[in-house]
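This report describes some features of a protein model. Please look at the sequence and the structure before reading on.

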Amino acid sequence: MAHKTTDQSSTEAKKIVHDVQLYINGEFLHAKGNGTFQNKSPFTNEVLNEVAEGRKEDIKEAVEAAKHAFENTWSKLKLAERMTYINKIADVIDEEVEEIAILEAIDTGLPISQTRKMVSRAATNFRFYAKMVEAKLYGEAYQQDDEFMNYTIYKPLGVVGLITPWNAPFMLETWKVAPALATGNTVVLKPAELSPLTANKLAEVIHKAGVPKGVFNVVHGFGETAGAALVEHPDVKAISFTGETVTGSTIIRNAADTLKKTSMELGGKSPLIVFDDADLERALDAAVWGIFSFNGERCTANSRVFLHKSIKDSFVEALKERVFNIKMGDPMDPGTQLGPLIETEHYNKVNHYIQLAKEEGCDVIQGTIPEELKAGNFVPATLLLNATNDMSVCQEEIFGPVMAVIEFQSEEEVIAAANDVKYGLAGYVWTNDIKRGHRVAQAVEAGMIWINSQNTRDLRIPFGGTKASGIGREGGHYAMFEFYTEPKVIHVALGDHHIPQFGKKK
């Protein structure tokens, strides 16, 4: 298969990439201050487009529009009418799926072969929540003898603020937008400034679906300005955030002043544990996919791989072979497996950690970057051998295609090491001893554990972590009941029960 040249990719980008505006109250608008910022290609570091820079005044306008829409339009619709809009959004995504996948690859550096699969799941998110709300969003009833009937209903919060990351942005945006809208809330989305193209495309999709104005709004901008203003606004009832842990802590502190609900899906340093009785070929496939797909920029990546001493040497040799065979290239080339990192600053951060690994005593094994890719933010697939769990590169989130390999001998030892980190998002256990699999999975401190599997997603189950990896859960009824709605209790007297008659003259 012929590889695309940089010039060919730039030409394709110019065909569909245009300057991005804010989307507020059903209109695409310039920022009130007319400020813009540049969006650069991870593959060439050339400017792709200009993006409107929203600030506090733009957030204020978007929240006002969302509040008006909630009170006067969206909350007034019958359930069937609202679900018609949610399903229409899914239909439009299906119509636009190829363009969305291309935009995602251009904007993030993720390989097109991966963005096509990710984007195709976005329509499923909307259809899933339409079905969930229709089938499951109901309360409970309790009769108290013959005196009372008490029942619960679930009410949407109102305006919710969604702050989304730059890795897999379209899919992660729809994870939040779909349940928020389906449960009856209105939305102000502040997408990551490093990946604005598909957030803008989502606005175009929702506009095309005919969703009433003000129900969905997008304000592009920076966390310190637009993001902070969204968190602090008193009419925003909840903030759902996906990103790194320090930012999440700041959001929680700032949200406390207005007593907002918060949901935080934060960083990770997830272990993948391979015991000596595991299906080693499948474990190898999972370990390589789990850290080197998504360019290593995924919160659930198995960045720490623990290998039993008896199989470590042979497993490492197989890892080396895979690492040298992973194909780096143009994100628009269907054969590319590893694309460039999102931006130069992040590229420098990942390379800093690789240099630190050498200083800490690791043997660093990685491929070489072809000369024609030097303009991009490419970091080759990298192994850190002879790592120990106390090293900085095994404790801190690198968020790139870097795997630390750590040896262990006993079940107790590896559980202790897996837990000896501040994060607790995901974990992976490979063993054919199912009793051991369950023991270890239950002992590892993480919100999600897979046994003999790579990271697979089921929308019905909770997604989220423990410790520094977050607070709250997304997915299934956890999103519907625990975050995007509030329970209300209605107490109904069925007869003339006794009421104390304070102050009544005898």
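Is tyrosine 423 buried or exposed? With a relative accessibility of 8%, tyrosine 423 counts as buried (buried means under 20% relative accessible area, exposed over 50%, partly exposed in between, with a 1.4 Å probe and protein chains only).

The model is predicted, so local features need pLDDT of at least 70 and side-chain atom pairs count only at pLDDT 80 or more, while totals for chains, interfaces and linings use all residues. Residues are numbered from 1 along each chain as its sequence is written, and side-chain values use heavy atoms, with hydrogens and water left out.

Tyrosine 423 belongs to strand E17 (residues 423-424). Helices (H or I, at least four residues) and strands (E, at least two) are DSSP runs, numbered from the N terminus. Glycine 267 lies 156 residues from tyrosine 423 along the chain, yet their C-alpha atoms are separated by 6.9 Å. Neighbours within four places in sequence aside, tyrosine 423 is in contact (heavy atoms within 4.5 Å) with residues including Thr245, Gly267, Gln395, Glu445 and Ser469.

Next come two helix pairs. Two packed helices are described by the angle between their axes and the distance between the axes. Axes are lines fitted to C-alpha atoms, for helices over the stretch in contact, and angles run from 0 to 180 degrees between N-to-C directions.

| Helices | Axes come within | Crossing angle |
|---|---|---|
| H2 (residues 56-72) and H7 (residues 223-232) | 8 Å | roughly 40° |
| H3 and H4 (residues 112-136) | 8 Å | roughly 175° |

The angle makes H2 oblique to H7, whereas H3 and H4 are roughly antiparallel to each other. Angles under 35 degrees count as roughly parallel, over 145 as roughly antiparallel, 65 to 115 as roughly perpendicular and the rest as oblique. The contact of H3 with H4 is made up of 19 nonpolar, 3 polar and 8 charged residues. In the other pair, Lys56, Ile59 and Val63 of H2 meet Ala226, Ala229 and Leu230 of H7. These residues divide into 5 nonpolar, no polar and 1 charged. Here Ala, Val, Leu, Ile, Met, Phe, Trp, Tyr, Cys and Pro count as nonpolar, Asp, Glu, Lys and Arg as charged, and the others, Gly among them, as polar.

The largest nonpolar core has 110 residues, and Ile93 is one of those that touch the most other members. Helix H3 (residues 79-108) gives the most to this core, with 12 residues. A nonpolar core is a set of buried Ala, Val, Leu, Ile, Met, Phe, Trp, Tyr and Cys residues joined through side-chain atoms within 4.5 Å.
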